[in-house]
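Me: I would like to learn how to read a structure like this one. Could you take me through it step by step?

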Amino acid sequence: MKLISARVRNFRIIRDSGLLQLDSPSGLALLGAPNESGKSTLAEAIHTCLFVVHRTGGDGFLNGIRPKPATGDHPEVMVEFEANGGRHQLRKVFKGGKTSVAELTLPGGSTLSGEDAEKRLGELTGHAPSNAANREKAWAHLWVWQGGAGDDPLGESLPKERLEQRLAREGAGGVLRSETDSLVKAQVENLWEQTFTATQRLRANSDLQKAEVALQEARERQQAAVAELNRLEADITAKVDAQRRLEEAKLGLERVEPEWERAQQQADNLATLQGQLGDAKRQLDAAAVALGHLSKANQEILDRQTRAAGLRQAMEPAEKEVLDLLEQVRTAETRENGLHEEAGKAAQAEEIARLQQELAQACANLLEHEKTLARLEAAQADAEKVGAEIAELEGHLAALPPVDDKALSRLNGLEQEVLVAEAGLKSMALELELVKADRPVALNGAPIAEGTTTLVTSGAELTVGDGVVVRLTPGGADTLAKTRREVERARAALAEGLARCQVESLAIASRARDQRVDLEARLGGAKRQLKAMGLERLGQELTEARRLKSVRLGEKERLAALAPECVIPPEEGIAGWLQASKEAEREAQAANHRLNTEFQSLARRVTQLRELWGKAGESLERNRAALAELEGGLSLLLAEHGDAEQRRMSLGEAQAKHLGSQAIAKTIQDQIDALNPEELQAALTRLRRSREQLAAQLSEATHQKATLDGKLSVFPSDDPRAEVLAGEQRLRVLEADHRAKKLRADGIQLLRDEFQRAATEVGQEVLRPLLERVNRLARIVFGHGAELRVTSTGESLGGLALYRPERGLHPFADLSAGTREQVAGIFRLALAGLLAADHDGCLPIVLDDSFVNADPGRLGRMHAMLDAAASDGLQVILITCDPSTHATLGARQIDLTGITRNLAVQGTVSAVAGNLSEEPENADGDNDGNTIAMSALPGVANRRAKKGDGGQ
Amino acid sequence: MAFRFLHTADWQLGKPYGWVTSPEQQNRLREARFDAIDRLGELARGEGARMVLVAGDVFDSNRPGANTIVTALGRIGQMGVPVLLIPGNHDHGGPGSLWETKEFTEQSRRLAPNLRVLTECQPVEMEGVVVLPCPLLKRMETTDTTAWIRQLPAETWDSFGTRPRIVLAHGSVREFGSAAGEGDAPNQIQLGQLPSGQIDYVALGDWHGVKEVAANAWYSGTPEIDRFPKGADNRPGYCLIVTTNRGANPQVEERRTTRKLWHQLERQVHSSEELETLELEFHELLKARVNDDLMELEISGSLGLDGRDRLERMLESIRPGLIALDVRDRVTVNPTEEEIEALTCRAGDPLIRTVAGRLLERYRGSTGEAGATALSALRDLHGLVCRA
């Protein structure tokens, strides 16, 4: 099928498009015009004519296609096309009711109208016209609306049934749609869905899931049953254990009791013996105390007697030593007193010598200082002299005119200016020399004598006699006056400069400047000399020297007062006197030191002797006191215990009594030892502990047994052992059941996986004729090796992707906007090429504003691809706002500029259809109310919005 | 003077039958064991038995549930003859056992005054008979429970006079027992050690089939079958009517008591004909009985996909009428040439053809789980294709 021509009138903004020739020998047509020229509206009108029933009503639809602005005319479209080997003319006028027109003129010239025309039209296009709501589905794969070029061609626009039929006829007949395959695959899917969810998880309430739940519940129940049984077994074991411990405790108590009684009897006996032993020990202790007391007193008497004799013997040499030491002390003290007196005299002589030496030094210092003071005072007098010279020079300098180098330079400059001005004036002035005159000659009334020369520098009147008056104007009046003013100004400036320098002339000023320079040089020299003399420092030194002289004079007088005996020699003898006094002082110091050393040595000796004498005396005194104490105590002891014989008798009696008490105590102790008290005590402790432990064990075991008896005598509703056994059996059964269900589920999963895999593979095979076409075109655009891939499950197509060897595989959605348009275009052209076999080998494909995102290189290859598609028989109609970008396509260009104007003669559209006539106005408006305005169609509206093209 | 009594054992009351998945069927099996007590009572009364001796394992556990105890006591109380029992290895005595509880004693006194539980090793002298009980007080007794009988002094034996002496014991005997694969090995009874000439009958329990161990020593077996029998000579489901005389061999008569039938089949199938035969056999075996049979079917052989499906349908058809069907399925599946062709030679169905080919390849090339999964998938596919 091929579109030959079209004419559109009163369709929205198109008043009359005129007859537009759409076919071309190349099969390529380019409809071009700027934006808002009605290109898309034209395409929409042709599409509406082909696929919308002429009687479609409804304000939505009709208002969408009626002229804007409203004219009252009805939208009218004529399309001539070739189909079934012949040309057909189709004309529709949309009035929204029975008066609407549909006429289809067949190749033989006969014309069908109304429903007959629509029916035949549907047969020819393969898509029966319907209401506006379904219009978009018609030829969606062939008609790419503005903004839709990048849509996935495998989406809703794909004519699945037609494609399957075509593919079936292409050689894979019946493969894509095997009913048995589909049925079994659906049942497999159904089986799978009974077991799994879409997310591959186990479906709730599926057999396998129920088996898993049952198995899990059984395991939990079994755990509880085992725990319950374990508790029961533990109770039974505990009861057996309690019974055993109860019997052990009873048996133990029976064994312990006789031993306990026996040990207790022995303990009683031991206590009695230990009481008796205590009494015996107390008697023995008393005897021992008495014996000890006597023995001790006897021994002390003997000791004291021995010690007193020894002490008396030891005291004799000590008394002699004390007397010797006393004599030595007295001798040393006498010598010490003599030395003390000599040392006093030597110290006095040393003091006198020291004072004399200090006085001599003070006199020498004073003399030296007076010399320094005299030198400073002479220097000060010199400095004062230079200061007077400076004052004098400064007086001379102050009296000079204030002319320095700068002032003199300025005066020279001013004089130069006067000389220049005067030279200028002189060059312009008129020199008038009266050589000879026979009548009086006067200049400005002043007579001029013969032979005189007068310089005229300004306008003047020369009178010769009475009748001749000559006006003289030297130079030119203005210039001369200006020069003269300049001379006057220069002179005034020079006069002011001289006055400011207080001189009459420049020569005087020059002399004054020379004198000033000389005076300033001399003054500088004097100041530098004064500074070198350090006048300020000199004053400070002089002041300090005078202060020191006063101090040193005071010191000399103070020392002279302390040593009145000293005679101060004259000035020249001071130095010798100072040296002699220093020597005398050193000698006095040596004598004094020697005496002091000897005195200190003797004093230490005296101290030592006194200490020795003291210690010897103290020792002697202590011995004397000890002897007295010994003798006193001895007297008391003898008075108490008698003499030696009396004491011997008393000791014999005490010893006999002590031996008797010892014998009694030993007898009792032997009896106690025989009872072995430590072992007996240990046995008692052990047996007491055993009795307590066994009693506790008996009590505890009795209590536990009673508790467990009570616990075990109550029967629960279930048998725990039976529960465990049953649980084990149940688990085995459920595990086997679960294995079977799992196996079945795995089998179903495998079956489904295999079906999907096979469907994909089979789908690829079925699609081969389409993909061959697609990839032939794809290689033109994307180069060698490029291909478009499609996933087919046999039920549906999807997963369009572009593969390029250098870039790999990219899903359609991941491609750039431009590449998406190109890929979609390739697929649509290939699809149209395939489907064209059912339409005389040709189908039109309309591309509205496609490939707008292609770069020039890619666009060139797209043109080659479009040309290849057209060469295969397709009719490619490209709508563009910029025809120049498609210059290399070689398409027939149709300029749509002006189709919104009325290009054709107002009236019937009859150029091709021949009888397209204006229909009378029909106001009945057969509005079925079910239609939707084209502009309200979501797809169209959206695309317009996307492009922002005004929707035309 | 002759003394006639009923010998039974191994009632196993309260047995859980956990491997039976349906709780309802579990209850049926448990109830059947109580019903057996009623039949034993009828038999005892009808046969003129003066008492019923139960040789252990009255209960399946020595801590049965309260309802099991009370139900058992109620049924025993209705038997109308004295009932003497000893604990066996399942319901052994000792700490924690039901026999020691006050609750059992009281309930027994109230519901079954004819019951006497013998938990002590001492002669029980009754009119016309002396019973020598050998109770098990532990689950596994390592010493001979009849040993005490050998210790009895001559005067005791003399005191029994002409009354027959009956040993009541539970366990395996040296001549027979666990070596045959059943019973509990630890509880050994030394029959040969019993005093020669003093014992007239040994009433044994533990072996669930009726069995004559010696002329005067029998296992009565369980009165109601409780498991699939092992071996052809294992004949459970009986009790014994015994007539004893002092110094003579007893007269022992078997009585069939079981109601539930436990069928154990081992079959091979390789063809549809054999499947038909098996189906007929099922019908013959089960007849019109419902909820009275259990079947353990060990089936092997090789079937195609059709045959396999048919076998499964057949088993599913008999399953509802059975209390339990335990199938040990060892049938291998080998799709027939026709089946393979039907799945893989489908020019018009490329999906089925491709999938079937791959599954077959996977099934033949794998073992274990992978092979089983492929077979399962193949069977599903076959079923779906057949029904499509």
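Me: What share of the contacts in chain A with a separation of 6 or more comes from residues 24 or more positions apart?

Reply: A contact means heavy atoms within 4.5 Å. Here residues 24 or more positions apart make up 76% of those contacts in chain A. Keep in mind that this is a predicted model, where local features need pLDDT of at least 70, side-chain atom pairs count only at pLDDT 80 or more, and totals for chains, interfaces and linings use all residues. Residues are numbered from 1 along each chain as its sequence is written, chains are lettered from A in the order in which they are written, and side-chain values use heavy atoms, leaving out hydrogens and water.

Me: How is the size of an interface given?

Reply: Often as the accessible area lost when the parts come together. Buried area is that loss, summed over both parts (1.4 Å probe). Chain A and chain B bury about 3,700 Å² between them, with 66% of it on carbon and sulfur atoms. D181(A), F715(A) and L750(A) supply 18% of the area that chain A buries against chain B, more than any other three residues.

Me: How many salt bridges does the rule find across the interface of chain A and chain B?

Reply: The rule asks for a side-chain nitrogen of Lys or Arg within 4 Å of a carboxyl oxygen of Asp or Glu. It finds 4 across this interface. E754(A) and R358(B) form a salt bridge through their side chains, at 4.0 Å from N to O.

Technical notes:
Buried area = accessible area lost by both parts, 1.4 Å probe.
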